[in-house]
Amino acid sequence: MTSVAGFALIACTPGVPSGRDHWLDIAKRAGAIGVTVAEVHSSGSEIAHLVADIRARRGGRQRCWLVLTVSDPVTVRSLRTVYGGLLWQVDAADSSWNDGSPVMGGDVVTKVAGDTFDRYATLLAWPGAHGPTADEQAMYFAAAARLRSSTVRGQAGAALCDETGDLIAVGSNEVPRAGGGQYWDGDPYDGRDRARFGYDYATAARWGDFMDTLDWLVERAMLSAAVRDAIAALGVNALPGDRLPQVLKGEARGRNIHAEEAAILSAARRGVRLGGSRAYTTQPPCHLCLRHLIGAGVRTIQYLPGRASQDLVARHGDALRSDGVSLEQFTGITPTGYERLFGRLSGRTAGVAEMTMLLEESLCRQSAP
Ligand SMILES: [Zn+2]
């Protein structure tokens with residue numbers, strides 16, 4: 001193997017088994033010249049100052065690793081803006097760090113130190129040194145399926161694989177069409193929400209349900225009409241989606257089939273058995289999908305970071321027991337890191353490094369007193 005190429009910035013978010021010695025050991029084996037392991041506390045700081053700090057730590061060396069422990073999402077987003085393809089984000093599974101931002105930001109989700117962690121670190125040093133696991137490829141399929149969705153409420157994807165890792169079906173949250181499956185771009189008739197209504201049907205439905213509930217309260221003198229009118233004036237966007245009870249979330253009223261349901265239906269349409277299969281989802285499954293996955297005979301469910309609600313886990317505790325269905329957060333190379341770490345793109349990263357250094361330099365000049 002050749003030695004580590006160019007400059008790489010590795011951002012470890014809270015909970016990652018940091019093991020300073022571990023990183024140094026791996027970097028040394030990778031032949032990195034100049035390795036810094038440091039903690040960064042830059043919440044609210046200007047990006048230019050942060051970049052200047054990184055530049056100083058690097059000491060102008062183009063061939064080195066900088067391993068930073070970062071403690072807030074803003075910092076990681078800022079670093080990604082400047083360093084783009086040179087930044088690798090390592091997240092911990094079941095991390096307490098959850099700012100509600102979209103998942104799939106990180107390249108690696110790690111759970112344990114040891115051999116597995118070595119594999120990730122080796123890949124960061126030599127993209128293409130390992131191939132994907134069956135789980136990593138399946139999650140990549142799920143992420144690809146996710147992008148098919150045209151919904152404005154958040155795209156979701158799912159993949160179902162058999163025991164050998166072969167793909168059975170994928171699904172995304174989208175409206176079903178006559179004859180089976182869901183609408184595609186380019187279909188002769190487009191019945192998706194955006195094309196047919198110009199708005200998200202489920203959101204409109206839950207707003208209607210919410211206002212009906214307020215009317216019911218006003219009629220029984222449990223709420224003043226003035227308050228009801230004030231809420232009505234706020235409009236549909238005032239609904240705090242994540243705080244609403246399930247019945248008002250419009251799940252049962254929306255037209256979309258959820259990603260997991262779509263994958264199950266795809267298998268059913270084609271007569272493929274799902275007993276003993278594995279499910280991969282780009283977000284924790286909702287109550288509706290979890291019960292369908294369990295009922296379909298799926299044995300393991302892995303989801304990208306995000307948190308499965310404890311209520312959900314408790315409700316299906318009978319099925320989610322140790323000898324039943326396994327529901328856990330995905331660990332491994334994420335769909336974000338998949339192409340970068342398994343594709344051999346080293347020729348391209350040289351140009352990226354050069355561009356990034358120029359941007360970095362320009363930002364440092366701006367921040368100079
Ligand atoms: Zn669902």
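**View 1. Leu 160 and its bridge partner in β7.** Leu 160 is bridged to Ala 169 of β7, in a predicted model where local features need pLDDT of at least 70, side-chain atom pairs count only at pLDDT 80 or more, and totals for chains, interfaces and linings use all residues. Residues are numbered from 1 along each chain as its sequence is written. Strand β6 (residues 157–161) and β7 pair in the antiparallel sense over 5 bridges; pairing here asks for at least two DSSP bridges between two strands. Strands (E, at least two residues) and helices (H or I, at least four) are DSSP runs, numbered from the N terminus.

View 2. Five strands line up in the order β7-β6-β8-β9-β10, with mixed pairing. Because β7 (167–172) and β10 (326–329) each have a single partner strand, one side of each is left without a neighbour in the sheet. From one strand to the next, the twist averages 15 degrees; such angles run from 0 to 180 degrees between N-to-C directions of lines fitted to C-alpha atoms, for helices over the stretch in contact.

**View 3. Helices on the sheet.** Helix α5 (residues 134–146) lies across β6, β7, β8 (278–281) and β9 (300–303), at about 140 degrees to β6. Helix α9 (residues 259–270) touches β6, β7 and β8, and makes about 135 degrees with β7. Contact means C-beta atoms, placed from the backbone, within 7 Å.

**View 4. The end of α2.** Just after α2, look for Gly 59, which takes a positive phi of about 65 degrees. Helix α2 itself spans residues 47–58.

Key:
Two residues are in contact if their C-beta atoms, placed from the backbone, lie within 7 Å. The expected span of a helix is 1.5 Å times one less than its number of residues.
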